[in-house]
Each structure stands twice: as C-alpha cells, then as structure tokens.
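The stops below are given in the order in which they may be selected.

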Amino acid sequence: MKQLVLDIRPDTPPTLENFVAGANAELVAALSLLASPATAAQLPARHLYLWGGPGSGRSHLLRATLGMARAAGRPTHLLAAADVDDSLPETVDALLAVDDVEQLSADAQIALFNAFNRARGNRQSLLLSGPAAPLGLALREDLRTRIGQSLVFEVRPLDDDARATLLATLAERRGLRLADEVVDFLLRHGRRDLASLRRVLDALDAASLERKRPITLPLLREMMQQGLEI
C-alpha cells in the first residue's frame with residue numbers, strides 16, 4: 001500500500017494541508033512545529049527522520065515542511081542525498097532537509113555526521129528521509145546512531161476508507177464527479193499509487209468530455225476494453 005497525497009497536478013505546491021494524514025497526524029503535527037525555530041523548541045529533539053517505502057509521501061512532506069518554514073521566515077535547504085558532496089550548508093537557523101539518505105556517498109555521510117555535530121552551535125534543524133528505520137539503513141554506524149537519536153516516524157499507509165475519500169477528493173478538485181462504484185472498482189482492481197490514479201482520472205476526464213457521458217462503471221469498463229490499464 002502506498003500513501004496518497006492531494007498534489008494532483010505537477011505545479012500544485014506540496015503542503016501539509018494537502019497531504020492526507022490518515023494515521024500520520026502525529027508526524028504532521030511534529031513537522032508543523034519543526035518548521036519554525038520558535039515552535040521547534042517544543043519538540044523533544046532538534047532533528048527529525050521520517051521513513052517509508054516508495055510512494056509513501058516522504059518527499060512531499062519534506063518539501064511541504066520547508067515551504068512552511070520559508071513562509072515563517074526560516075532559511076531552508078533541500079538536498080537529494082545523491083547530490084550531496086563533502087559538505088552541507090551551515091546557514092544559521094536553517095532547516096536543512098536531505099531526502100533519501102540511504103543514497104549518501106561515503107564523503108556525504110561524513111558531511112551529514114558533521115552537520116549533526118555543529119547543528120546546536122548554528123541552531124540548525126535536520127529533516128531527513130529514507131526507506132527504512134535507522135537500524136535498516138546501510139550507512140556508517142556513527143551516522144545511523146545520530147539519525148536514530150532524532151525524532152523518528154514511519155509514514156504509515158492509508159486504509160481503504162481513507163483511499164476512497166482521497167480518490168473522490170482528487171476527482172472533485174478536478175471538477176469531476178465519480179460514481180461510488182467507480183471508486184470501489186478502482187480501489188479493488190486497480191493500482192492505488194498516485195501516479196496511476198492521476199493517469200486514470202485524466203483518461204476518464206478526457207473520455208467523459210469527448211463522449212459527453214458521466215464517469216460511470218460502464219464507461220470505465222468500455223475504456224478498459226479499449227486498452228486503458230488501471
């Protein structure tokens with residue numbers, strides 16, 4: 001199962017509001033506090049690590065939190081681990097995010113370890129993401145230990161009821177009206193990751209306009225017979 005988020009178009013900025021929290025309310029609340037230096041002090045740790053599988057929404061949450069931090073006037077840096085070399089920004093008061101930490105090179109792992117060491121002095125907070133809990137990361141032992149001392153959250157998948165609500169919301173925000181039977185069929189028989197749902201909704205939208213028909217299960221079945229993969 002994969003977490004679904006409401007950023008339904010490529011240019012829709014990710015926010016904590018358009019992430020469907022489901023069982024992740026505590027994580028979303030912690031990210032909201034982390035975004036501002038004033039509220040970050042309320043957290044039991046200065047740094048946060050979140051983990052989950054592909055499609056869980058990790059990158060969405062990092063970008064959303066940094067957007068909130070910038071709106072609050074906090075300096076931010078977002079780096080893909082594969083792009084980190086032997087140093088990381090030392091900007092005072094910054095929220096520094098590193099996505100996919102398991103992809104850090106040997107030099108980059110040292111750079112992140114050093115960032116942990118100087119974070120208190122330059123009042124930085126680190127926001128990190130990866131595919132597994134800290135003990136499951138293929139990183140230096142000292143770095144895994146530092147990550148494990150952060151606030152650690154698993155991004156939990158949505159249940160089927162939340163997915164159905166999300167799919168209906170995705171359609172509504174596109175100006176579409178989906179019959180309940182269409183939602184049930186897609187969740188029962190189709191891929192449930194965001195990219196696949198987005199593609200199917202695009203196809204349903206186009207077919208509905210072209211044929212001047214509402215989006216119903218017969219229309220979906222007809223499109224599947226014509227080659228639409230769900």
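Select strands β3 and β4 (residues 125-130): they run parallel and are joined by four bridges. Strands are DSSP runs of E with at least two residues, and helices are runs of H or I with at least four, numbered from the N terminus; two strands pair if DSSP finds at least two bridges between them. Within this pairing, S125 of β4 is the bridge partner of L95. Next, follow the chain from β3 through helix α4 (residues 106-122) to β4, a right-handed β-α-β crossover.

The model is predicted: local features need pLDDT of at least 70, side-chain atom pairs count only at pLDDT 80 or more, and totals for chains, interfaces and linings use all residues. Residues are numbered from 1 along each chain as its sequence is written, and side-chain values use heavy atoms, with hydrogens and water left out.

Buried means under 20% relative accessible area (1.4 Å probe, protein chains only). L95, A97 and D99 cover one side, L96 and V98 the other, and all are buried.

Finally, select P37, A40, A41, A45, R46, R74, D93, R120, R123 and S125, which line the second largest pocket. A pocket is an open set of points on a 1 Å grid over the protein atoms alone, where a 1.4 Å probe fits, with protein on both sides within 12 Å along at least five of seven lines; lining residues have an atom within 4 Å of a point.

Note on methods
Buried < 20%, exposed > 50% of the residue type's maximum accessible area, 1.4 Å probe, protein only. Right-handed = clockwise from strand over helix to strand, strands pointing away.
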